[in-house]
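The following exercises concern one structure and are to be worked in order. Each task is followed by a solution in steps.

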Amino acid sequence: MIVDRIVTWARMKSPWIVHFNSGACNACDIEVLAALTPRYDVERFGILLKGSPRHADVLVCSGPVTLQQKERLKTIYEQMSEPKFVLAVGTCASSAGVFNGCYGVCGGVDTVLPVSAYIPGCPARPEAIIDGVVKLLKSLKK
Amino acid sequence: MGIALFDIIVFPGFIFLGILSLVAEFTDRKLNARLQNRVGPPWYQPLADFIKLSTKETIVPESASSRMFRALPLFALASASTAFLYIPIWSTTSLFPFSCDLIVVLYLLTVPTLTFFLAGWFSSSLYSEIGSIRTMTQLFAYEVPLYMALLGPAILADNWSISGIASYYYIHPLMALFNIPGLLVSLVAAQGKLERAPFDIPDAETEIVGGTFTEYNGRFLAFFRMSIDVELVVVATLIAAVFFPLFTPANAIVGFLIYLVKILFVIFLLAVLRTALARLRIEQMVSFCWRILAPLALLQVLIDLIVKGVLAH
Ligand code: SF4
C-alpha cells in the first residue's frame, strides 16, 4: 500500500516529457517551447524535456495527425516505457481543428493513440499547457 | 564481517553515498536554476526521479546485447562508489588508505566513462553510437590535464596517496596556494569527466537525442544517473581533499560539516561553470583541452617541481 503511494507520488512529481509535432502549423510547438523557458520554469514541477522517447513519461503531441506522421507517431509511442501518457496540445491535436476533413489528415491525436488530456486553444497558451500537465498528474492520484 | 557489511551498506556505502549524491544533484540543479533566475526544483526532486525511473517498465532493445545492457549500469555505480573509499572525508586519512591510491581513484573514475562508452555501443542505435564515440574522444582530451593537475600537488607533497597529500597540506596549508592553477584546471576538466556543459557533447540532446543513454530507460537509466551523481560527489570530494586543506582530525562532527561546506562549494563552482558556458563542438573541446588546459596543468607540475627544489635547499 505505502509502496504504491510512494510510487504514485514519485510519478506525479517527476513527469519527463518528449515533444512531437505530428503535423501542426508550428504555433503550438512554439507555445510548448515557450512553456519550457525559464520564464515559466516547469522544473518547479519536476518537468524536464527529454530528447529520447525512452526516457519520457508524457508524450506531448501538437497538431493533427497527417497520414505521413501516423506510423512515426505510433513508433515513438511504442518506444516509451510504461506508464506513459499522451497530452494533446491545441485544437488540432484534440480534434484536427481547421484541418478536419483535409485529404492528408486522419484526425486528432486520439484517432491514433489513447489521449489522457486535451488542451484546447489555437494555439494553446503556455499557462494552459502547464495547467493541463498539472491536472493530468493530479488525475494519477485516483 | 559485520563491520564490512556496515561499511558497504550504510557508511560510507550505498545509503550514505546515495543520500549524499541526491543532495549533490539537488544542489547542482537548484543552483543552476537560481543562476538562470528560476525557482528550480523542490528538494525531493532527485529522489522522485530515482523512484519513478526505477519503477518504470524496462525495455531492452531487440538489437542490443542484453547481458551487457543490463550489467553496465551496475559496473558504473560500483566503481564510482568504490572510489569514495580512498578519499579522506573529515580526517586527513581515508577509510582504507594505501600508497598510490590517487592513481587507483583516478582509474576507478575512468571506469564509469568506459561503461558509458560500452553502454552506448551495445545499445546499437545510431545516436548512442555517436554519443559513445564522442565520450571516448572527450576522454582522451580531458584525462591528461585532469591527471596532471592532480599529480602536481602529489609531487609537492612527495606522496602518491590522497591521505598523504591531505596530511601534508594540513601541516603546510600555505603550500596549497601554489596549486591554484591546478585547481582551476581540474575544475574545468571535471566538467568533461561529468559530461556537463560546456562538455556535455556526448549527450547533447539537441543534436543526438539522448547521446550514449538514448536507449536506456527504467531502472538501468536510474542506475546510470545515480552513478553520475556519485561521480559528482567523488570528484568534488577529491578536489576538496587535494586542493582545500581544511580538516579537523580531532572532531568528526565539525570535520564532517566542514567537509559538506567544502564539497558544496566545489559543486557551486561546477554549477556556475555549467550555467555560464554553452556547449562546445567536439573538435573545439579537444583543441581547448590540449592547447590550453594541458599546458596549464604542465605549468602546475613545473611550479610544484620548482617549489620542491627550492624547499629542498
Ligand atoms: S491548434 Fe492552431 S496553432 Fe495549434 S497547430 Fe492547430 S492551427 Fe496551429
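**Exercise 1. Identify the residues that Asn179(B) touches, then state where it lies and whether it is buried or exposed.**

Solution. Step 1: leaving aside residues up to four places away in sequence, Asn179(B) touches Pro153(B), Leu156(B), Tyr169(B), Phe243(B), Gln300(B) and Asp304(B), where contact means heavy atoms within 4.5 Å. The model is a predicted one, in which local features need pLDDT of at least 70 and side-chain atom pairs count only at pLDDT 80 or more, while totals for chains, interfaces and linings use all residues. Residues are numbered from 1 along each chain as its sequence is written, chains are lettered from A and ligands numbered from 1 in the order in which they are written, and side-chain values use heavy atoms, with hydrogens and water left out.

Step 2: Asn179(B) is placed in the loop between helix H7 (162-171) and helix H8 (180-193) of chain B; helices are DSSP runs of H or I, at least four residues, numbered from the N terminus.

Step 3: the relative accessible area of Asn179(B) is 1%, so this residue is buried (under 20% relative accessible area, 1.4 Å probe, protein chains only).

Step 4: the side chains of Asn179(B) and Tyr169(B) are joined by a polar contact of 3.0 Å (a pair of N or O atoms within 3.5 Å, one able to donate a hydrogen and the other to accept it).

**Exercise 2. Describe the contact between chain B and chain A.**

Solution. Step 1: chain B contributes 29 residues and chain A 27 residues.

Step 2: the two chains bury about 2400 Å² between them, 56% of it on carbon and sulfur atoms; buried area is the accessible area (1.4 Å probe) lost on putting two parts together, summed over both. Arg38(B), Lys52(B) and Lys56(B) supply 25% of the area that chain B buries against chain A, more than any other three residues.

Step 3: between the chains there are 5 salt bridges (a side-chain nitrogen of Lys or Arg within 4 Å of a carboxyl oxygen of Asp or Glu). Lys52(B) forms a salt bridge with Asp57(A) at 2.8 Å, N to O.

**Exercise 3. Which residues surround the ligand, and which helices supply them?**

Solution. Step 1: the surrounding residues are Ala24(A), Cys25(A), Ala27(A), Cys28(A), Thr91(A), Cys92(A), Gly121(A), Cys122(A) and Pro123(A), near meaning a heavy atom within 4 Å.

Step 2: helix H2 (27-35) and helix H4 (91-95) of chain A each supply at least two residues of this shell.

Definitions and conventions
Buried < 20%, exposed > 50% of the residue type's maximum accessible area, 1.4 Å probe, protein only.
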